[in-house]
Number of protein chains: 2
Amino acid sequence: MHVSEEDDFVASVTVYPSTTEEVQAIVRWANKHRIPISPISIGRNYGYGGAAPRVRGAVVIDLGRRMNRILDINPDNCTCLVEPGVTYFALYEEIQSRGFKNLWVDVPDIGGGSVLGNAMDRGVGYTPYGDHWMMHSGMEIVLPTGEVIRTGMGALPGNNSWQLFPYGFGPTADGLFSQSNMGIVTKMGFGLMPNPGGYESYLYTFSKEEDLSQLIEIIRPLRIAMILENVAQLRHISMQVALEGKPRSAYYTGKGRVPDKLIHEAAKNLPHGDCAWLYYGMAYGPQDIRKYKLDIIHKEFMKIPGARQVDPTSLPTDDYFWVRDRIASGVPDIEELRWVNWHPNGGHVAFSPVSPVRGQDATALWDIARKRCDEFDLDLFPTFCVGLREMHLIVEIVFNRDDAVMRNKARACLRGMIDDAAERGYGEYRTHLAFMDQIAGTYNWNDGALLKFNERIKDCLDPNGILAPGKSGIWPARYRRRGWEMSSKDESSEGQGVIPSAGSTRL
Amino acid sequence: MHVSEEDDFVASVTVYPSTTEEVQAIVRWANKHRIPISPISIGRNYGYGGAAPRVRGAVVIDLGRRMNRILDINPDNCTCLVEPGVTYFALYEEIQSRGFKNLWVDVPDIGGGSVLGNAMDRGVGYTPYGDHWMMHSGMEIVLPTGEVIRTGMGALPGNNSWQLFPYGFGPTADGLFSQSNMGIVTKMGFGLMPNPGGYESYLYTFSKEEDLSQLIEIIRPLRIAMILENVAQLRHISMQVALEGKPRSAYYTGKGRVPDKLIHEAAKNLPHGDCAWLYYGMAYGPQDIRKYKLDIIHKEFMKIPGARQVDPTSLPTDDYFWVRDRIASGVPDIEELRWVNWHPNGGHVAFSPVSPVRGQDATALWDIARKRCDEFDLDLFPTFCVGLREMHLIVEIVFNRDDAVMRNKARACLRGMIDDAAERGYGEYRTHLAFMDQIAGTYNWNDGALLKFNERIKDCLDPNGILAPGKSGIWPARYRRRGWEMSSKDESSEGQGVIPSAGSTRL
């Protein structure tokens, strides 16, 4: 789903190793010839750059196609060990077919992706085990120079606790390899959630846009206290209209954002009726335990005038409510992306800033997003996701991939939102390839000390600079210019993604 | 509490910086003169080497005395930001004095230590927030070359979420600095547990040593499902007898372990009476919620013949039960170490292997510990601590610090246990200075690949090898010999801790 030219981020070759040893051989070859290599797992990763490498012409190492074994599922310890090609669907189906009724898989919105890859990118899911990175235990990693390490208890020969205790002895380097280009992860372990003994989805709607601030203030203490037990999803009605899967042209053919009035008009036909915000949640545990939490939630949400609890039995079986019900109960699904049909040849990119869970922050981010979308004539589809103490606002921008003008607007709009947010102290948690330099550049406290630190580690572990140059804004010495010198006005960072000639050490 | 000669691990000078800038100045000075420096926070850290440096003659940087400010407590977000010198007592008292009834502090057994330091060493506490490392969010670190970085959202200038979202953007290097010598942490943030709305301690006793295996099998699923909500403590009766604070000589003056018969004889006088094992736990939440969990726990524990629930109202107010009650409800305490009086001039070291939560592993580790203690005529005080999916057996060995023969036995005994455990796939999670090389050496999968990786990062970040050489078995290039070449038979590793002459690059 290219947001710049289709061939800006393009691979020269794709290779399909089947073992860790083959990954080592590829890495050694890349060092010998100084060829950039870019590992991927499996799945689409649509909103964040798909399977493309950051550097044009890099060799993509597709770990997913042949390294797709589930190496262990332990129903007593509630753990698993997987290779990069294991999808949420594959893990879920294996657990079902082996009859492990006590094990749940925490799944993200789309179940076709890699369990390992999602965690490495610090993706989230929708059960109490939603922080996938936090729930990992143990990794096997091929370093950029070809050695293999195992982290945590995996470094102890004959150990019996690789997936049980994440830390081992001494420093834990695991985090260095997440959202980065410091190594290629070939095995990874996870804790699996034990069946909670019952679950129950609920949906509340709120009638006014201005309810946002009060709602977020209600959510914060309930979420931290785990009364709201999973990642809270507060979705705007525009997202629900787009989820119907009809194109924008069915609602409006004029310029600018689709007027709010038309969105609300369309929303009247939805099973839950019109509103401004929808909260999808799930309570876990046996009935009495759920009731305790649901009663508190009901009392708190109903403080907002116009709040309404939607009776699930009133909703048709194909309603989006049941998509969220499946996902929050650990059943992989693929319906979420229906809103990409908003434009023909729809692509999307996401603005994903992190903020405190406060009304004033929700309002400030919502204002930034609307202002920039108005500036660039784009619709916006926002969801506030409350992790635990922090909130990610996810604003999806949908564009027509064949429309260069709209693509450029989408890109400029996102660049603008990123800068606006950073000025107010909000940073992105994850991004598309095209925005990595800009975002790494916003994390520039003390003259970019953290990026300089990352570069130092990068040069130490990858002296030839072959592994995924530029990922997360980290360039090896041969490619390096400072990411934080670039801003929304300077698109030249995208031209940085070319392989330097063998002799050059700096572009 | 020296377990080798008193001056084996001894500092030449102690310095007391008051700011991050002063820490930077010290680090730059150490680089200029190639002097080893060894940072400490505050507290005793008795069982793991105290405040001593690994390298004899190093300059100790005491961060605790003057860098002891609580920089932030946020009652809405349930977070705090502290300097190294903030103890559990200080944080607890500040929260009480500011009237934040909704905030709890998770405390370890002894409350006089550093909140930051305990987390850096990956210590644990006894509420559901017991994994202190997991609950941190954001660090400020002085690198061995003097630069300062902030991790997570701290790298974004003007951010508002440093203590809310631990990951930021790109790689998260935080783990590199835990249990290590890669940097000096000068600020660290934490999530604080919201008041759960009620709590209730309970104690069960089990009559036979052979109950251990069945008990652990009962604990595993309850702990993973969070029916047992805090770090489960299953303590041996010998520990309870020693907690009375009387010396061993009050019970026995013969050679070898105090006979089981005499321990049980003494136990009959304890308020809870004689038994083999004691389980101390706490249920959290309002009464109905607690009852749901307590009923399940009772039903499961009572499956063991001879199991007995102790009525807390039958226990005197100075009973150890109330120590555990305070700790599990977030009130700092200092009673735990009463068992050190077992010997005059008592010192202690701990055998702390990690294992699966299985009956067979508990039995195997308990056998290893008893066999080695018998070999060296030492008593042993074991507690099984179930973290979540893994168990730490903590075997405390108490010795008379003035008795060189007993000290040597304690050391040899621990070395033997470490090797016995590693042969069976069990590794330590933390250790005393004197055993770091040996333990790092057991984590030697793939020809010591992880230690080589750690050394590579060390040499990159600390080219002059000034920061805490040898910590966790990681030696900078100037000092390096391979830790894993040493075993219990080879004590020469302890001689490695001398400062190399300026010109030498390798000892």
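Buried, in this talk, means under 20% relative accessible area. Keep that cut-off in mind. The model is predicted.

Start with A:Cys78. Its relative accessible area is 5%, so A:Cys78 counts as buried. The residue is in a loop of chain A, between strand E4 (70-74) and strand E5 (79-82). Look at its backbone. Phi is near 60 degrees, a positive value, and A:Cys78 is not a glycine.

Chain A has another case to show. A:Asp377 also has a positive phi without being glycine, here near 55 degrees. This residue is in the loop that runs from helix H9 (359-375) to strand E17 (381-386) of chain A. Is A:Asp377 buried or partly exposed? Its relative accessibility is 24%, so it counts as partly exposed.

Now the interface. Chain A and chain B bury about 7300 Å² between them. Carbon and sulfur atoms give 65% of that area. As for residue numbers, 90 come from chain A and 90 from chain B.

Next, the polar side of that interface. There are 36 residue pairs in polar contact across it, both partners at pLDDT 80 or more. Helix H12 of chain A, residues 445-461, gives the most to the side of chain A that touches chain B: ten residues. By class, that side of chain A has 47 nonpolar, 28 polar and 15 charged residues. The two chains share two salt bridges. One of them links A:Glu147 with B:Arg456, and the closest N and O atoms are 3.6 Å apart.

Over to B:Arg220. This residue belongs to helix H4 of chain B. At 8% relative accessible area, B:Arg220 is buried. What does B:Arg220 touch, beyond residues up to four places away in sequence? The list has A:Asp76 and A:Asn77 from chain A, plus B:Val357 and B:Arg358 from chain B. B:Arg358 is 138 residues away along the chain, yet the two C-alpha atoms are separated by 7.3 Å. There is also a partner within helix range. The side chains of B:Arg220 and B:Glu217 make a polar contact of 3.1 Å.

Stay in chain B for B:Asn230. The residue lies in the loop between helix H4 (211-224) and strand E12 (232-236). Its relative accessible area is 2%, so B:Asn230 is buried. A polar atom of its side chain lies 3.0 Å from the backbone oxygen of B:Tyr126. Neighbours within four places in sequence aside, the contacts of B:Asn230 include B:Thr127, B:Pro128, B:Arg223, B:Gly281 and B:Met282. B:Tyr284, B:Ala328 and B:Val386 are also among them.

Last stop, helix H2 of chain B, residues 88-97. Its buried residues are B:Tyr88, B:Leu91 and B:Ile95. What do the buried residues of H2(B) pack against? Strand E4 (70-74), strand E5 (79-82), strand E6 (103-104) and helix H3 (115-120), in chain B. Just after H2(B) comes B:Gly99, with a positive phi of about 75 degrees.

Note on methods
Residues numbered from 1 in each chain as written. Chains lettered and ligands numbered in written order. Predicted model: local features only at pLDDT ≥ 70, side-chain atom pairs only at ≥ 80, totals over all residues. Heavy atoms only, no water. Helix = DSSP H or I, 4+ residues; strand = E, 2+ residues; numbered from the N terminus. Buried < 20%, exposed > 50% of the residue type's maximum accessible area, 1.4 Å probe, protein only. Polar contact = N/O pair within 3.5 Å; in protein donor to acceptor, adjacent residues only side chain to side chain. Contact = heavy atoms within 4.5 Å. Buried area = accessible area lost by both parts, 1.4 Å probe. Salt bridge = Lys/Arg side-chain N within 4 Å of Asp/Glu carboxyl O. Nonpolar A, V, L, I, M, F, W, Y, C, P; charged D, E, K, R; others polar.
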